[in-house]
Amino acid sequence: MKRFMSGIMIATSIILLTACQSAKSEYVKISDQFFAMDTYITYTIYAPETEVESMQALMVEANALFESIDDLANRFEEVAGVNNIATVNKKAGKEPVVVDEKVIEMVELAKQTEEQSQGAFSVVLGPVSDVWRSYQEGERTGVPSQDELEQLRPLLDSDQLIVDTAENTLYLTQPDMILDLGAIAKGYATEYVANWLEAQGVEHAIVNAGGNVKTIGTHPVNETFRIGLQDPDNLSSVFGSVQIGATSVVTSGDYQRYFEYEGQRYHHLIDPQTLQPARLYRSVSVVTPNSTLADVLSTTLFMMPQHEGETFIQQYYPDVAVLWYDLAGNISMNPQMEELFTLGGE
Ligand code: ADP
Ligand code: MG
């Protein structure tokens, strides 16, 4: 979702790590922030002082890669030189479109998750998301009628999204269908870029794309990373944290994008069953090494009653750690998360 300010480097900082006996105290913390996919992307690399310049150059390159995935997943505007999701949507009901295999990968995982979750995740939710978005962005006032939403339901049939992995094509067979990778693209880009940085020799780093976190290696001094989980009622503070090695932490929350009408909050995580914003949790956090999966699962679990979510995770992803923060502020977690989570702010 590249809509404004994309690619601008926002802040650079270099901090010397101190108070440590280890040889790695020579390391410095180098941080850069960019804007892409409608969010802030922060790269933090821990490296020897001699490598500061080369690491800074790597962060710029990494962010260019992030942006190239943003371009592929963009459903709002076509991008010169590539077929992206906007292209696929424009050709709905007309013809298949050849896309980059990264897009095929994202769509395949999305479709698989939709099947496994029995429709809690929907990769073709675009028509409904667009209606809600028009209210959120102030183009319309109030809230959509259920009738208006229900009329769009026939467009939410992902069997009508044909994926041809031999030809690398995507085809929406019905006009007005809208493919939407909004719940997976940021995770995919984070995963891709972090793996690329690691392949370039980065050993200790954090990529944080608007709360979608992927760590490379461990903290050079503390040996783990501690990642805070944002307090839904006070976004500048955290309600707890997870202590992790090299993995990914992703949260879906009702506080990221929303509007209010007659005292009710309407956010951007839409339950495909009701076509309304899901109202079970303030946030759901997921820890698992692959950031693409973490992104898909946090959105999916946000739609599911907790017992269903627990069964779903046990059945398909037994190693994934999950934390549910419900509407009353109660926190629950599965055993995998209990090993990582600490309550309280920093
Ligand atoms: P964020 O992008 O804010 O971090 P998510 O990863 O949870 O949050 O993705 C939210 C986006 O996913 C929405 O903006 C919308 O495009 C899409 N979306 C909303 N509800 C669903 C759903 N039930 N299944 C799949 N995608 C969804
Ligand atoms: Mg998601």
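The model is predicted: local features need pLDDT of at least 70, side-chain atom pairs count only at pLDDT 80 or more, and totals for chains, interfaces and linings use all residues. Residues are numbered from 1 along each chain as its sequence is written, chains are lettered from A and ligands numbered from 1 in the order written, and side-chain values use heavy atoms, with hydrogens and water left out.

**Stop 1: ligand 1.** Select the 17 residues around ligand 1. A residue is near if one of its heavy atoms lies within 4 Å. Asp180, Ser252, His268, Ile270 and Thr299 come nearest. Now colour by class: eight are nonpolar, six polar and three charged. Asp, Glu, Lys and Arg count as charged; Ala, Val, Leu, Ile, Met, Phe, Trp, Tyr, Cys and Pro as nonpolar; the others, Gly among them, as polar.

**Stop 2: polar contacts.** These are pairs of N or O atoms within 3.5 Å. Pick histidine 268: a polar side-chain atom lies 2.7 Å from an oxygen atom of ligand 1. For lysine 186, a polar side-chain atom lies 2.8 Å from a ligand 1 oxygen atom. At alanine 183, a backbone N or O atom lies 3.3 Å from an oxygen atom of ligand 1. The protein covers 97% of the 570 Å² of accessible area that ligand 1 has on its own (Shrake-Rupley method, 1.4 Å probe).

**Stop 3: helices.** Helices are DSSP runs (H or I, at least four residues), numbered from the N terminus. Select H7, residues 291-303: it gives the most to the ligand 1 shell, three residues. Next, show H1 (residues 52-73) with H6: they pack at about 150°, axes 9 Å apart. Axes are lines fitted to C-alpha atoms over the stretch in contact, and angles run from 0 to 180 degrees between N-to-C directions.

Note on methods:
A polar contact is a pair of N or O atoms within 3.5 Å; within protein, one must be able to donate a hydrogen and the other to accept it, and residues adjacent in sequence count only if both atoms are side-chain atoms. Helices (H or I, at least four residues) and strands (E, at least two) are DSSP runs, numbered from the N terminus.
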